[in-house]
Amino acid sequence: MSDFMQRGLDKAHGVTEVEHAVVEGIDISGYWSRMLDQRMTTEFPTEGLDWITSLDGGESLRNCYQCAKCVPVCPIQQVGDYGPWKMFRKAQRGSNFLDDPDLWLCTTCANCLRVCPKEVNMVEIMPAVREQAVLEGAMPDELGEVFANLQKRGNPQGESPRKRAAWAKEAGTEVPIISELGRPVDVLLYVSDYTSYHPRGHDAARAMARVLNTLGVDWAILGREEKSDGDSARLAGEKGLFEMLAEQNIATFSKYEFDKLVVMDPHAYNAFKNFYPALGGEYNVMHYTQFLAPLIDRMEFKASVERRVTFHDPCYLGRHNGEFDAPRKLLEAIPGIELIEMPHYRANGYCCGGGGGGMWLDSLMDEHVSERLSERRVREAVDTGAATLAVCCPYEPSRFEDAVKSTGNEGALDVLDIIELLDRAMHPEA
Amino acid sequence: MSDAVLVIGGGPAGLEAAKSAADLGARVILVEKREHLGGTPDEAGYAALTPNFEPAQEALERMRAGVLDRPEVTIHLGSRVVDASGEAGAFSVTLENGAGERTEVEAGAVIIATGFQHFDPGRETQMYGYYEFPDVITLVDAERMLSQHKFVRPSNGEVPRSVAFIQCVGSRDRRLGNEYCSKVCCGISSKQAIEVRKLLPDTRVYIFYIDMRMYGFWENQIYWPAQEEYNVNYVRGIVTEIVQKDGRLLMKGEDTTMGRPMEVLMDVIVLAVGMEPSQGTKEVSRTFNVPQDKYGFVHVPGEPMDAVSTEVPGVFVAGAAAGPKDLEDSVSMAGAAAAKAVALVRRQGAA
């Protein structure tokens, strides 16, 4: 038997498409699948579906009536074989997902839930099953390292907690630390992991400090006391770790008096707004775009930022929490900016691939997709003719800048946080 | 001239038509070939009605009460219509009882409510083995067991581990001559699947289908709860072969969402048989020279806006005599037919 034929037999679930294939002298070119598959019979054991739906959060998988509306809008489906309906189908055929790499591909972007007539909620199902995988130690290695970092150091990168506010030194403006102020503040700014530790995040953090000070906001940060919000760890299956971080953060927040908790990271926004209250932490939480949009009248723009800009809706600000307008209001307020939308925008925004643990699963993802989600998104941005891809989630600059390089668009598109664009218009000298 | 309305058939449609006509003040003659009122739901021993699980006999008892002991309603049980002549306003009809005794009645208008019969799966040759394997049953057989609050393998009386319903048996099939959808089988199968799961929590229940046709409220009254609350497994794929293997039934089909074959062992297989016109529907249509459609159901030329008038003036139809209907359709048609029939005899009387 030829290697080619053997491969076909080995690939029991595969569908093989070849333009030209000659097997032992016979031309069998064309589209074919079962020729090389052994006829496999199907059982419908119910244990897989019964088990998944018995998990806290897994219940709604049973609701699927197989319309498959979820598949065309799934961002992974655009670049691979994964689709939410296909997961139901696998469960119906007995899988419990634990040995399936597909368990880790979902970015919990919630676009499937947006269109699902039966409200099958992969944003709850995936973390519920992942939690069981994590308990069994059956998780990708790269994820294990991140969980260890979060456990030991309170941030996914494994950086020193003492360096969490190191960016402040070069902000060129005062960055108040709440423990040093010794008084209540109006705004406690939660800086977040990637803003605190990534070089491009530093740029956004410093821009934020300058803008807040110019607007005369009474604000402060936690400094080295700040820890990861834990939301992506929760969605990647580490609920216990999430609860530990949440308890630590809630204890820290409770030491200080502040009116608003303004966050740079939509994932933190989601955690604080929707999941911390059940753990005893209720705050007046705002994403920074929501805090700043009503202050546009107070902004004095000293420079025009002449460029066409397109905006990437963060899944956890837009679809998950319904905020589509605040970032756009800010962009449209900046003199010189022409905002153009990508084909996938607002509620149908295309995921960058970073959510739900995707930020830490690049190796696994690369094995299962034809291109990264961030690369596909960057191509879409370039196609609009925009010079700048504006973002307001700290996961984005590094993801999209890598994608700009890997798609050969260096020089054609830059990636800037909205706060950086505001800062440039308000402080051209900085 | 006669001011009476003749209702032929004492099932849900006939009972409602007779009651409605009487409520409108007309004299009613109700003819039923069986010795009991209630029609197929009674005869076939329906347990619980779709979609609300109301015990069938309770519902039928209410309908019977609508016609019994009323001076306006004369009931002929165990009787069939054997001859008819005349025209709208003045039909002469011959009834015959089981003893062969004939009675002549006069009626101004006629409502045919002679219903349907279940598809006989024996007409499917070498497909489902209904007459070969005792554990292959129909919705009707399942309903009889469920009415006794049990569900077992007929072959040995044991509790089944796995039960499959196969949809569209005898419906939507040009080869069989039944191109139509029988409309209620998806709902009834789902209802029975719920009942089996309630009765036997350890039994796996599957429904194999081409399309689930759960129109209107049945969607979330039956289909969604069956799936979401009672863990009934819906598999899109149809079955075309059942053979015996190791004392169980090996069901072969194609899983159409995966494009793959399936072979599954089952203990009981329930065939979701559809509707065909009853013998009575065919005979009565001929007696009144009422044209039938190619399937033998009463033809209703004014559909969709007139769902009850036949091609013969003065002869109306209600219920499954006119094609596959659910109970709501049947009693709704009955009310409309009664209104038209009573209006006709009043007009004739006034003229």
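Val134(A) sits in helix H6 (residues 122-135) of chain A, where helices (H or I, at least four residues) and strands (E, at least two) are DSSP runs numbered from the N terminus. At 11% relative accessibility, Val134(A) counts as buried; buried here means under 20% relative accessible area, exposed over 50%, and partly exposed in between (1.4 Å probe, protein chains only). Along the sequence, Val134(A) and Lys239(A) are 105 residues apart, and their C-alpha atoms are 9.6 Å apart in space.

All of this comes from a predicted model, in which local features need pLDDT of at least 70, side-chain atom pairs count only at pLDDT 80 or more, and totals for chains, interfaces and linings use all residues. Residues are numbered from 1 along each chain as its sequence is written, chains are lettered from A and ligands numbered from 1 in the order in which they are written, and side-chain values use heavy atoms, with hydrogens and water left out. The model scores ipTM 0.82 and pTM 0.87. Chain B averages a pLDDT of 95, and 99% of its residues score at least 70; pLDDT is the predictor's confidence in each residue, from 0 to 100.

Next come the parallel strands of chain A. Strand S9 (residues 307-311) and strand S10 (residues 337-339) of chain A run parallel and are joined by three bridges, with two strands taken as paired if DSSP finds at least two bridges between them. Within this pairing, Arg307(A) stands opposite Ile337(A) of S10(A). Together with helix H15 (residues 325-333) of chain A, S9(A) and S10(A) make a right-handed β-α-β unit. A crossover is called right-handed if, with the strands pointing away from the viewer, the path from the first strand over the helix to the second runs clockwise.

S9(A) also runs parallel to S11(A), again through three bridges, and here Thr310(A) has Leu389(A) of S11(A) as its bridge partner. From there the pairing carries on: four bridges join strand S11 (residues 388-391) of chain A to the parallel strand S12 (residues 414-417) of chain A. Val391(A) is partnered by Asp417(A) in S12(A). The chain gets from S11(A) to S12(A) by way of helix H18 (residues 396-406) of chain A, and this β-α-β crossover is right-handed. Leu413(A) lies in the loop between H18 and S12 of chain A and is buried, with a relative accessible area of 6%. The C-alpha atoms of Leu413(A) and Gly349(A), 64 residues apart along the chain, are separated by 19 Å.

On to the aromatics. A pair of aromatic rings is described by the distance of the centres and the angle of the planes. Rings of Phe, Tyr and Trp (its six-membered ring) pair if their centres lie within 6.5 Å, with planes under 30 degrees apart counted as stacked, over 60 as edge-to-face and the rest as tilted. Over all chains, the structure holds 20 aromatic pairs. One of them joins Tyr180(B) and Phe297(B), whose ring centres are 5.6 Å apart with planes at 75°, so the pair is edge-to-face. Tyr180(B) lies in the loop between strand S10 (162-169) and helix H5 (185-199) of chain B, and Phe297(B) in the loop between helix H7 (279-287) and strand S17 (315-317) of chain B, so the contact ties together parts that are 117 residues apart in sequence. Tyr180(B) is buried at 12% relative accessible area, and Phe297(B) is buried at 1%. Tyr206(B) and Phe208(B) form a stacked pair, because their ring centres are 6.1 Å apart and their planes are at 25°. Both partners are buried, Tyr206(B) at 2% and Phe208(B) at 0% relative accessibility.

In chain A, one aromatic cluster is formed by Tyr190(A), Phe242(A), Phe253(A), Phe258(A), Phe272(A), Tyr276(A) and Tyr283(A). The charged end of Arg234(A) sits over the ring of Phe242(A), 5.5 Å from its centre. Arg234(A) also lies over the face of Phe275(A), at 3.6 Å from the ring centre. Such a call requires NZ of Lys or CZ of Arg within 6 Å of the ring centre and within 35 degrees of the ring normal.

Finally, the cysteines. With a disulfide taken as a pair of cysteine sulfur atoms within 2.5 Å, the count over all chains comes to zero. For Cys109(A), the closest cysteine sulfur belongs to Cys315(A) and is 4.9 Å away, too far for a bond. Cys109(A) is buried, with a relative accessible area of 6%. Cys352(A) is in no disulfide either, the nearest cysteine sulfur being that of Cys351(A), 5.2 Å away. Cys352(A) is buried too, at 5% relative accessibility.
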